[in-house]
Structures are given as C-alpha cells and as structure tokens.
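Visitor: I would like to learn how to read this model. Please take me through its features one at a time.

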Amino acid sequence: MAWLRLPTRLHRAVNVFNPKIFENLSLAAFLAWVGLGSDALSSSAYGPPEIYYALKGHEYLSVFLAIGIPFSVFVISAGYKQVIALFPDGGGGYHTATTLLGPLAGLVSGSALIVDYILTAAISVASGTEALLSTMSARWYDERLLFDLAVLLFLMFINLRGMKESIKVLLPIFMAFVITHIIMLGWGLASHVSNVPLITRDTVTSVQHDNLQYGWIFIVALIMRAFSLGGGTYTGLEAVANGVHIMREPRVQTGQRTMTLLATSLSLVAGSLIFLYLMYHVHGHAGQTLNAVLYGAITHGWTLNGIHFGPYATLITLVTEGLLLFIAANTGIITAPIVMANMAVDRWLPERFSYLSDRFVSHNGILLVGVASIAILLTTGGHVRILVVLYSINVFITFTLTMAGLSRHWFSQRHRGEPWKHRLMISAFGFMVTASILAITIFEKFDAGGWFTLLVTSIAIIIGYLIYRHYKGISKMAEELDETMLDMVPDNLQPGPALPMDPRGATAVIFVSKFDGVGLHTLLTAHRMIGSFVKNYVLLLAGVVGQGEFKGITALEELKVYVEAEANQYIAFCRNEGMAATWFATYSTDRIQAMEELANVAVRYFPQSTFFAGRVIDSTYQSPFWGLLHDEVSFIVQDRLQHDGFTMMIVPVHVRGVPSQPPRITLPISMPEDMELIQPDKAGCV
C-alpha cells in the first residue's frame with residue numbers, strides 16, 4: 001500500500017474542538033489588563049510631556065488638564081464599555097462603526113485602527129529605546145535605530161509563537177512598572193502636598209492675568225490645543241473592546257473589569273505626571289525625557305544609611321518605563337491582526353488575514369504589522385517627536401466614529417423601552433469630546449506631518465474598497481455559476497441506493513469547500529475525464545477555523561454541522577448518479593495542513609487515488625495581485641502530492657462568461673433522513 005509522507009508537525013496538530021484550548025488561551029481581567037492595557041498605560045511616556053510642552057509659558061493650566069484628562073478618559077472608557085456589552089465577540093470600534101453606521105464607516109474605522117496600531121508599535125519601540133538610552137552614555141544614542149529594529153524583530157518572534165506566551169514573558173515587566181510608578185508618583189505627590197494651596201493661588205492669579213490680557217477664548221483654545229497635541233495619551237483605550245473575544249467567560253464582565261482597570265491606571269498615572277511637572281517646575285534637558293527629569297527631581301536627596309540611592313531609583317523607574325513601552329508595541333502587534341481578521345471576514349482585506357496558524361495567531365497580520373513598523377522606523381529615523389505627529393490622529397477617527405455609532409444606536413432605542421437616556425448622554429458627550437480633539441489635532445498637526453497620516457489612511461481605505469469590489473464581483477459571478485449548475489436539477493428526485501466501495505479500485509478524490517458550482521464543476525469534470533475506470537469517489541472537506549470561528553466551542557460546532565451538511569449533499573448527488581462515494585472532513589486553523597491530512601487519510605483507505613481540486617478563473621480579469629487576494633493552496637498541495645508520487649489535477653473553473661458544460665446530471669436539494677454513508681467507520685471527521 002502506498003503512503004503519503006507528511007511533515008511530522010501534522011501528527012501534532014491541535015484538536016480545535018478541545019474546550020481547554022479556549023480556557024488556556026483566554027485571558028482573565030488581570031492578564032487582559034497586562035496584554036491589552038499596556039498600550040494606554042505606557043502612553044504616559046510621551047502623551048503628558050507633549051501636553052506640558054504645548055503649555056509653554058502658561059504651565060499653570062496643567063491643573064485643569066490634570067483634572068480634565070482623567071475625566072475624558074473615563075468618558076471614553078464608559079463608551080467602550082457599551083461597545084463591549086453590544087459586541088462581546090470582539091471587533092470594537094470596527095464592528096461598532098460597521099453595524100451602527102454602515103460598512104463604509106467600518107472600512108474607515110478599521111483602516112484608521114490598522115494604521116494606528118502600526119504606528120503604536122513603531123512609536124512605542126522608539127520611545128522605549130530612548131527611555132532606556134537616557135540611562136546610558138550619550139554615545140549609545142546614535143545606535144538607537146539598531147535597538148529599535150532588534151526589539152521589533154523579537155516581539156514579532158514571540159507573537160508568532162503564540163499570544164499568551166508573550167504576555168507571560170512580559171508580565172513581570174508590567175508589574176515592575178506599576179510598583180515603581182506607584183512609589184515614585186505617590187512619593188512625589190505626598191512630599192509636596194503642602195504646596196497645593198500655593199499652586200492653587202498661583203493658578204487663580206495666572207488665569208485672571210491671562211483673561212485680562214488675552215481673554216478667556218485664548219485660555220480655552222490653549223487648553224484644547226494641549227489636549228489635542230497630547231492625544232497620544234488616550235491611545236490604547238480601544239484595545240480592550242477590540243480583543244474582548246480572547247477574554248475569559250463571562251466575556252462582557254471580564255472586558256468591562258479590564259476597561260475599569262485600564263482607565264483607572266491611565267488616569268492616575270497621566271494626571272499625576274502632568275500635575276507633578278508643574279509642582280516640580282520641570283523643563284526638558286538635552287538627552288533626557290521630561291519624565292526622566294521629573295524622576296530625578298523626585299528622588300533627589302533620597303538616602304539610606306548615608307548612601308544616595310535616588311539615581312538608582314530613577315534608573316529602575318526609567319528601565320521599567322522603557323520596557324513597558326515595548327509591551328505597548330507588543331499590544332499593537334497583537335491587536336492589529338485581530339482588526340485585520342475581522343475586516344478580512346467582511347472582504348475588505350485578503351481572506352488570508354482571517355486565518356490562524358497552528359499556534360492560533362494571525363501569522364500574516366503579525367508579519368504585516370511588524371514589517372510596516374520597521375519601514376516607518378527606518379523612514380523617520382526612529383525620532384519620537386516625528387512619530388508623535390503622525391500618531392494620535394487615527395485613534396480619534398475611530399473614537400469619533402464609535403461614539404457617533406453609539407449615539408445613533410441609543411437614540412434609535414428611545415421608543416423600545418430600554419434605558420437609553422443615560423447611555424445616550426455618555427456616548428453623545430464622548431462624541432463631542434473626541435470629535436473636538438480630532439478636529440483640533442488635524443488642524444494643528446496637518447502641516448507638521450498629519451497630512452501624511454491622513455494620506456496613508458486614505459490609501460488604506462481605497463485599497464480596502466478595491467479589494468471588496470473585486471471579491472464582490474467574483475462572488476457575483478460564482479453565484480451565476482451556481483445558478484447555471486443548479487438550473488439542471490429537478491427538485492423531486494430522491495437519493496439512490498448506496499453502492500459498495502472498492503478499497504483496491506481506482507478512486508477520484510476531490511477537494512471541495514462547500515456544495516456549490518465550483519465543487520460540482522470539479523466533480524463532474526473528474527467524472528467525465530476518468531469516470532470510465534474509477535470505482536470510488538471521495539469528497540474531502542476542510543473546515544478552516546479562522547478568526548470568525550475561533551470564538552468558542554459553539555461556533556466550532558456550527559462549523560462542523562455546516563461542513564457535514566455540505567458533504568452529505570455531495571453523497572446524495574453521487575448516489576443518484578450511481579457513483580460509490582464517501583467523504584472525509586477535518587478542522588484546522590491551517591488550510592494546507594488540513595488538506596494534507598485529508599489526503600493522507602484518503603490514500604490510507606484508497607491507495608489508487610487521483611486527486612482533483614477546482615480553481616476559480618476569471619478569464620477577462622488577470623491581475624498580478626490575484627495571488628494575494630486568492631489562496632493558491634491547491635498548487636502547494638499539488639506540488640507536495642506529486643512529490644510523493646500521486647497525481648493531482650487542477651480543474652479551471654471559469655466564472656466569467658459561459659462555463660464549460662458538464663454532462664447533464666440531476667441533483668436533489670435535500671438529503672433523506674434515512675441516508676447512511678458507506679463505511680461509516682471510515683468516513684466523517686478525522
């Protein structure tokens with residue numbers, strides 16, 4: 001008996017129906033806070049400093065911003081708690097905009113998020129490197145780009161190995177940041193609490209002075225400008241809603257607890273930093289970040305048994321800050337592929353972005369984010385001040401669309417008896433805040449590089465629309481092919497009697513995905529070509545577990561029911577034509593692995609097998625990008641089968657124009673309840 005030699009890794013394939021997979025990969029609120037909330041928390045390294053720099057000469061306004069920023073953080077997070085409740089399967093701002101505002105709004109929101117996460121990875125790595133290099137000799141600063149690239153490559157590697165593994169590796173760093181900053185910021189506030197009355201009086205006096213000299217409009221405009229230029233502080237708030245599907249059940253409660261942890265920690269850190277800048281009268285020094293100057297001022301004079309350990313405390317705090325920024329970059333690498341997968345399911349991106357690897361990660365998405373981040377770092381030279389200009393626009397595009405969608409939703413619920421007023425007030429206020437910051441940010445940053453971000457995002461939107469239009473056109477033509485094939489089918493035929501299988505006879509093995517025109521065309525073509533000597537027909541179906549199905553056992557069971565129903569329709573078809581047939585199905589996150597595994601099983605029971613697979617061809621539209629938009633896995637499997645001595649034929653299925661007509665064969669639409677497969681112990685899931 002001939003055997004198909006398969007790679008060793010296939011024998012270690014993970015059973016996707018194992019309930020413990022979801023338990024092992026899902027995250028409790030605390031781990032989700034670490035893995036998804038680090039982006040927002042780490043933004044304290046570059047968000048608050050930008051706010052303080054924007055107040056140059058009017059630093060007294062830091063008091064208002066130290067109060068206003070936590071308030072706005074909680075307003076935005078309250079809106080995203082509504083998103084978590086409405087969309088517990090994840091998707092966040094993308095699904096919110098798509099569902100509540102329409103597909104085009106979803107395309108804009110998703111495109112903005114993808115660009116934002118790529119910039120998150122780039123700026124977080126660059127800022128983290130600068131924080132670490134500020135503790136070292138100045139000569140190392142010129143090598144920062146090499147450090148940036150090394151860190152990004154490392155993060156790509158650990159994420160390709162599996163998301164939860166990366167979180168466990170980075171957990172100690174996150175906790176070190178939390179502990180050191182609680183001590184540092186808490187001591188800074190407590191040791192200067194006696195200065196609060198003086199700061200309050202100076203603030204009142206300065207407000208009165210500027211009001212008389214410039215007017216209150218100037219003061220408000222300055223505050224709003226600082227808000228907008230420090231918009232990077234708010235980035236990351238959407239990560240929890242985007243990734244809620246990877247959280248532990250009950251997802252909604254876990255996601256909302258994670259959001260509360262994130263909003264509270266971000267508010268305390270960002271608000272404290274802005275107030276401490278004013279309290280300690282810090283100013284930027286060459287070669288040091290504003291936070292480094294502040295930490296040095298706070299720890300000045302720290303001694304223990306005559307030993308000055310303040311510099312060491314500052315060093316440890318800066319190291320944890322830098323490493324947390326690397327975690328934030330990791331968040332971008334984790335979360336962007338989730339958004340890409342959701343968009344790929346809706347056909348805005350190539351379908352390959354919805355696939356999961358055998359480690360349950362979106363391999364293509366991680367590579368795209370990593371490579372794009374590296375390109376941005378090389379283009380900007382890794383300069384944080386340049387990256388900041390490009391950064392915060394996109395996240396507020398998504399914020400604004402999300403709040404607009406929530407506002408529209410709750411307003412539409414006003415006559416349905418649900419408690420809508422309170423929720424509408426929160427979402428409407430969130431919309432006003434985010435839309436204002438977005439408008440001011442675009443105005444302030446447009447000439448300084450904001451135009452480039454908008455251009456890149458616009459290109460992403462256009463590409464997404466063109467991809468969708470292409471898929472839509474192919475789907476329409478495939479539907480026409482389905483109608484052509486099924487028009488010949490009378491509705492009143494019943495399945496014929498089952499015929500015995502001949503394991504030693506010649507066998508036609510056909511890869512199909514579902515019961516459609518492409519599959520029928522492939523089967524009938526195989527029958528027409530070699531039906532005169534073939535004794536058996538075997539249908540192979542691979543249930544691909546992508547981002548849309550990897551949300552729990554229920555979704556997987558639904559996929560299994562669907563695949564088996566499609567397979568049974570093929571069996572009913574073959575019985576009516578007097579063909580001995582059976583089917584095999586398997587379920588995997590890797591389409592090629594699944595097809596190889598199915599081929600191995602088919603050869604094991606039917607060694608005289610010839611394989612067939614259909615390939616959709618649009619004869620009037622050939623593009624060099626066709627291979628990017630459509631899987632070419634049939635050619636890969638064909639190459640591997642031929643290497644092992646088996647024949648596989650790729651059947652072209654033309655979807656434009658009149659397809660080649662196979663022999664006229666009838667097909668029952670439904671399958672009788674008493675139909676049983678031949679050799680039931682050899683057919684079914686493998």
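The dialogue below goes from the whole chain to single residues.

Guide: This is a predicted model, where local features need pLDDT of at least 70, side-chain atom pairs count only at pLDDT 80 or more, and totals for chains, interfaces and linings use all residues. Residues are numbered from 1 along each chain as its sequence is written, and side-chain values use heavy atoms, with hydrogens and water left out.

Visitor: How many helices and strands does the chain have?

Guide: Helices (H or I, at least four residues) and strands (E, at least two) are DSSP runs, numbered from the N terminus. Here the chain has 22 helices and 8 strands.

Visitor: What share of the chain is buried?

Guide: Buried means under 20% relative accessible area, exposed over 50%, and partly exposed in between (1.4 Å probe, protein chains only). Of the 686 residues in the chain, 56% are buried. Areas come from the Shrake-Rupley method with a 1.4 Å probe; for residues, only the protein chains shown count as cover. The chain exposes about 29,100 Å², and carbon and sulfur atoms supply 63% of it.

Visitor: What share of the contacts joins residues 24 or more positions apart?

Guide: Contact means heavy atoms within 4.5 Å. Among contacts with a separation of 6 or more, residues 24 or more positions apart account for 83%.

Visitor: How do I read a helix such as α14, and what is its span?

Guide: An α-helix has 3.6 residues a turn, so residues three or four places apart point the same way. The expected span is 1.5 Å times one less than the number of residues. Helix α14 covers residues 310-345, 36 residues in total. Its first and last C-alpha atoms are 53 Å apart, close to the 52 Å expected. Because 29 of those 36 residues are buried, α14 is largely enclosed by the rest of the structure.

Visitor: How many residues of α5 are buried?

Guide: Helix α5 (residues 92-101) is mostly covered, with 8 of its 10 residues buried. The buried ones include Tyr94, His95 and Leu100. Gly102 follows α5 and has a positive phi, near 125 degrees.

Visitor: Which residues touch the most other members of the largest nonpolar core?

Guide: In soluble globular proteins, nonpolar side chains tend to be buried together. A nonpolar core is a set of buried Ala, Val, Leu, Ile, Met, Phe, Trp, Tyr and Cys residues joined through side-chain atoms within 4.5 Å. The largest one here has 128 residues, and Tyr234 and Leu294 touch the most other members. Helix α6 (residues 103-133) gives this core its largest share, 15 residues. A second, separate core has 27 residues, among them Val534, Val563 and Cys574.

Visitor: Where is Val563, and which residues does it touch?

Guide: Val563 is in helix α19 (residues 553-576). Val563 is buried, at 4% relative accessible area. Beyond neighbours within four places in sequence, Val563 contacts Leu541, Gly543, Ala585 and Tyr587. Lys514 is 49 residues from Val563 in sequence, yet their C-alpha atoms are 7.1 Å apart.

Visitor: How many aromatic pairs are there?

Guide: A pair of aromatic rings is described by the distance of the centres and the angle of the planes. Rings of Phe, Tyr and Trp (its six-membered ring) pair if their centres lie within 6.5 Å; planes under 30 degrees apart count as stacked, over 60 as edge-to-face and the rest as tilted. The structure holds 14 aromatic pairs. Trp302 and Phe309 form a tilted pair, because their centres are 5.8 Å apart and their planes meet at 45 degrees. Trp302 is buried, at 14% relative accessibility, whereas Phe309 is partly exposed at 31%. Ring pairs also link Tyr80, Tyr234, Phe396 and Phe399 into a cluster.
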